[in-house]
Amino acid sequence: MSEQIGTPVRDLQTPVLLIDLDVMEENLKKMASNFQNSLINLRPHSKTHKSPLIAKKQIEMGAIGICCQKVSEAEVMQEDGIENILLSSEIVSPAKIERVSFLSKNCDLMLVVDHIQGAELLSKIMEKNESDIGVLVDIDVGQGRCGVRTVDEAVSLAKKIDELPSINLRGFQAYNGKAQHIEGFNEREKKYRNSITMMEESVYEFKKNGLNFDVRTGGGTGTWNWDLDSEILNEVQAGSYLFMDSHYRSIGGRQEQFYEDFQASLFVLSTIISFPEDKKFIIDAGHKSLSSDSGFASCYDIEEATYISASDEHGIITVDSLGPMPKLGDSLLFQPSHCDTTINLFDYFYGIRGGMEKGFLEVILPISARGMVQ
Ligand SMILES: Cc1ncc(COP(=O)(O)O)c(C=O)c1O
């Protein structure tokens, strides 16, 4: 890291991961304000940013705590002072449960469970270590990933959890990741209705059976408005909203072609390192700086430029324009197609104040939980 604070954005060495701080702060404020006069809490997913500093900012602005997907992610967050964490993915190996048990002694920790085998193992290890933990039944409300598939199964698992020592039933998780990315506002709402119906049935059945449902958590950036309106969940786990990415933008908003409740604040700055053909050039940002699991990144500077293919450290760009071409050595800004997987490629965020054209480097933030996948 040889960059000086105050360096103009376009003079930074590339490829470099940038945050437009003004825009990110607006996104954080906007989401926080949605929850301000509501009985529903924001519990942002920290797998997006992997930064305890940003997690603390979200909590300062009103979030009840955070979600982590992995134990190692939670360890980094707890060590840096985050006190309220939900592990939103199943942990079933004894060695990791030992770490969960240790973590639960140092923070308010909850874990999701979708099988009696996992619940029994968790209970056994917690009891042995004289610790305890809050547990949520993970219910699949349409994603087709983890989670029990029916409300009956959820109730039956919750009853068994209730009988086990050292684990306390706190409620359920009902997250539908697929619904977050459905294209078209009306289509998204229509499909998400089924998830909401299943959440309602879960509340009804938990209540009828005398089961604790104090915590009802799920939702995300693509469905936050229905999560708030329906008032069934009391925690929303939105992650991407502070950065956004080109894929999220493409799903469409209430009235618009693009989803613009939150604006793009995350970019990768690259340099044109070769210009071998007319209207085709090569940048220094390939798979190792821009993830492509959700398609290639979008060029922010030149609308007519298309990222057509990548190798490890190179990106091939074509430009379909009669306008002036960029030149060898020019910097070029890209919006990642998927923020989470791109962030996990870098050690640091470079925070820019004053915009992506004429702004300056204000702060360098470590991505402390980068690579924490265990
Ligand atoms: C369990 C869980 N909750 C919340 C989120 C955050 O979703 P988003 O980034 O779409 O807001 C994710 C993302 O994949 C997730 O897996």
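The model is predicted. The domain assignment gives domain 1 (9–16 + 260–366) and domain 2 (23–240).

**Overall form**
- Along the principal axes, the C-alpha atoms of the protein fill a box of roughly 70 × 45 × 35 Å.
- Buried residues make up 47% of the 374 residues.
- Among contacts with a separation of 6 or more, 66% are between residues 24 or more positions apart.

**Domains**
- Taken over C-alpha atoms, the centres of domain 1 and domain 2 are separated by 33 Å.
- The contact between them takes 9 residues from domain 1 and 12 residues from domain 2.
- On the side of domain 1 that touches domain 2, the largest share, 3 residues, comes from helix 11 (residues 339–343).
- By class, this side of domain 1 has 5 nonpolar, 3 polar and 1 charged residues.

**Ligand shell**
- There are 14 residues around the ligand, and G220, T221, Q237, G239 and S240 come nearest.
- The shell divides into 3 nonpolar and 11 polar residues, with no charged residues.

**Helix 2**
- In helix 2 (residues 52–60), the buried residues are P52, I54, A55 and Q58.
- Viewed down the helix axis, these buried residues fall within an arc of 160 degrees, so they line one face of helix 2.
- Their cover includes helix 1 (21–36), strand 3 (66–68) and helix 3 (71–79).
- G62, with a positive phi near 120 degrees, follows helix 2.

**Helix 3**
- Helix 3 is mostly covered, as 7 of its 9 residues are buried.
- The buried residues are V71, E73, A74, E75, V76, M77 and Q78.
- What covers them includes helix 2, strand 3, strand 4 (84–87) and helix 4 (94–104).
- Helix 3 is followed by G81, where phi is positive, near 105 degrees.

**Lysine 30 in helix 1**
- K30 is found in helix 1.
- K30 counts as partly exposed because it has 14 C-beta neighbours inside 10 Å, whereas a buried residue needs 20 or more.
- The C-alpha atom of K30 is separated by 8.7 Å from that of D261, although the two residues are 231 residues apart along the chain.

**Backbone features**
- T14 and P15 are joined by a cis peptide bond, with omega about -5 degrees.
- P15 is found in the segment before strand 1 (16–20).
- S166, a residue other than glycine, has a positive phi near 65 degrees.
- S166 is placed in the loop between helix 6 (151–163) and strand 7 (167–174).
- With 19 other C-beta atoms within 10 Å, S166 is partly exposed.
- M244, also a residue other than glycine, has a positive phi near 60 degrees.
- The loop that holds M244 is between strand 9 (235–236) and helix 10 (246–250).
- M244 is buried because 24 other C-beta atoms lie within 10 Å.

Methods: Residues numbered from 1 in each chain as written. Predicted model: local features only at pLDDT ≥ 70, side-chain atom pairs only at ≥ 80, totals over all residues. Buried ≥ 20, exposed ≤ 12 C-beta atoms within 10 Å, placed from the backbone. Helix = DSSP H or I, 4+ residues; strand = E, 2+ residues; numbered from the N terminus. Arc of directions from axis to C-beta. Contact = placed C-beta atoms within 7 Å. Domains from an automatic or database assignment. Nonpolar A, V, L, I, M, F, W, Y, C, P; charged D, E, K, R; others polar. Near = placed C-beta within 6 Å.
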